[in-house]
Amino acid sequence: MFTIMSATQDTFKSYMNIDLLAGKVEKKVGAVDSDVTGIVGVAGDRVGYIIFATDKKTAQCVAKELLMVDEADDECIRDAVGELANNIAGVFKTKYHEQYGSVALGLPLVVSGQLRAISEPPDLNEGTSINVQCKGVTIPFTTANGAINIKVMVYM
């Protein structure tokens, strides 16, 4: 939990000079209201996923800052979310390896839609959803002014 929290804060600080504040950690990965989600698989001594989820407004803000562009279209947003998920996972891998052992990462997958825990039946009226395992932790992050709101989840 503290490793992924630190990895997320370090990534935002080093790549965009943005200080993130961590919120209350939830000891589950449940339904998350998000417009865009980056997922990176983790393998090795432990297996799981690192999931980066946010709304479109935050994704646009982060994409503009990370990619240094005036406007962020859908392609820029996908690139930025994938890059952030990958970098958070990379920092996590480095810190996790030091403490717990071997870790390998997959390529980032960027998708749109709401995350829903597998234990919940899909609501066919809500449109597209992504099913994820419901064991893990969810850490909400925001900036002091509330301009950026993200959730980072770890299932391992």
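Me: Which residues lie nearest the centre of the largest pocket?
Reply: Please bear in mind that this is a predicted model. Met 1, Arg 46, Tyr 96, Val 154 and Met 156 lie nearest the centre of the largest pocket, and its lining comprises 11 residues.

Me: How much space lies in that largest pocket?
Reply: The largest pocket holds about 220 Å³ of space.

Me: Which element gives the most to the lining?
Reply: Helix α3 gives the most, with 3 residues. Both α1 (2-16) and α3 (74-100) supply at least two lining residues each.

Me: Let us stay with α3. Is Asn 87 buried or exposed?
Reply: Asn 87, which is found in helix α3, counts as buried because its relative accessibility is 12%, under the 20% limit.

Me: What does Asn 87 touch?
Reply: Setting aside residues up to four places away in sequence, Asn 87 touches Thr 11 and Tyr 15.

Me: And Ala 89, buried or exposed?
Reply: Ala 89 also belongs to helix α3. With a relative accessibility of 0%, Ala 89 counts as buried.

Me: Which residues is Ala 89 in contact with?
Reply: Beyond its neighbours within four places in sequence, Ala 89 is in contact with Val 40, Ile 50 and Leu 105.

Me: What share of the residues counts as buried?
Reply: Of the 156 residues, 42% count as buried. The accessible surface comes to about 8300 Å², and 50% of that surface belongs to carbon and sulfur atoms.

Me: What share of the contacts joins residues at least 24 apart?
Reply: The share is 64%, taken among contacts between residues at least 6 apart in sequence.

Me: Changing topic to cysteines: how many disulfides are found?
Reply: A search of the whole structure finds 0 disulfides. As for individual cysteines, Cys 61 counts as partly exposed because its relative accessibility is 31%, whereas Cys 76 counts as buried at 18%.

Me: Now the loops. Where is Asn 145 found?
Reply: Asn 145 is in the loop between β8 (137-142) and β9 (149-155).

Me: Why does Asn 145 count as exposed?
Reply: Asn 145 counts as exposed because its relative accessibility is 64%, and exposed means over 50%.

Me: With which side chain does Asn 145 make a polar contact?
Reply: The side chain of Asn 145 makes a polar contact with the side chain of Thr 143, at 2.8 Å. A polar atom of the Asn 145 side chain also lies 2.9 Å from the backbone nitrogen of Ala 147.

Me: One last topic, backbone angles. What is the phi of Asn 17?
Reply: Asn 17 has a positive phi of about 55 degrees, although it is not a glycine. Most residues other than glycine have a negative phi. Asn 17 is in the loop between α1 and β1 (21-22), and Asn 17 is exposed, with a relative accessible area of 56%.

Me: And what about the phi of Met 68?
Reply: Met 68, which is not a glycine, has a positive phi of about 55 degrees. Its place is in the loop between α2 (56-67) and α3, where Met 68 is exposed, with a relative accessible area of 75%.

Note on methods: Residues numbered from 1 in each chain as written. Predicted model: local features only at pLDDT ≥ 70, side-chain atom pairs only at ≥ 80, totals over all residues. Heavy atoms only, no water. Helix = DSSP H or I, 4+ residues; strand = E, 2+ residues; numbered from the N terminus. Buried < 20%, exposed > 50% of the residue type's maximum accessible area, 1.4 Å probe, protein only. Polar contact = N/O pair within 3.5 Å; in protein donor to acceptor, adjacent residues only side chain to side chain. Contact = heavy atoms within 4.5 Å. Areas by Shrake-Rupley, 256 points an atom, 1.4 Å probe, with all protein chains shown as cover. Disulfide = S-S within 2.5 Å. 1 Å grid on protein atoms, 1.4 Å probe; cavity = no way out; pocket = protein on both sides within 12 Å on 5 of 7 lines; lining within 4 Å. Points joined across faces, edges and corners; volume = space filled by probe spheres on them.
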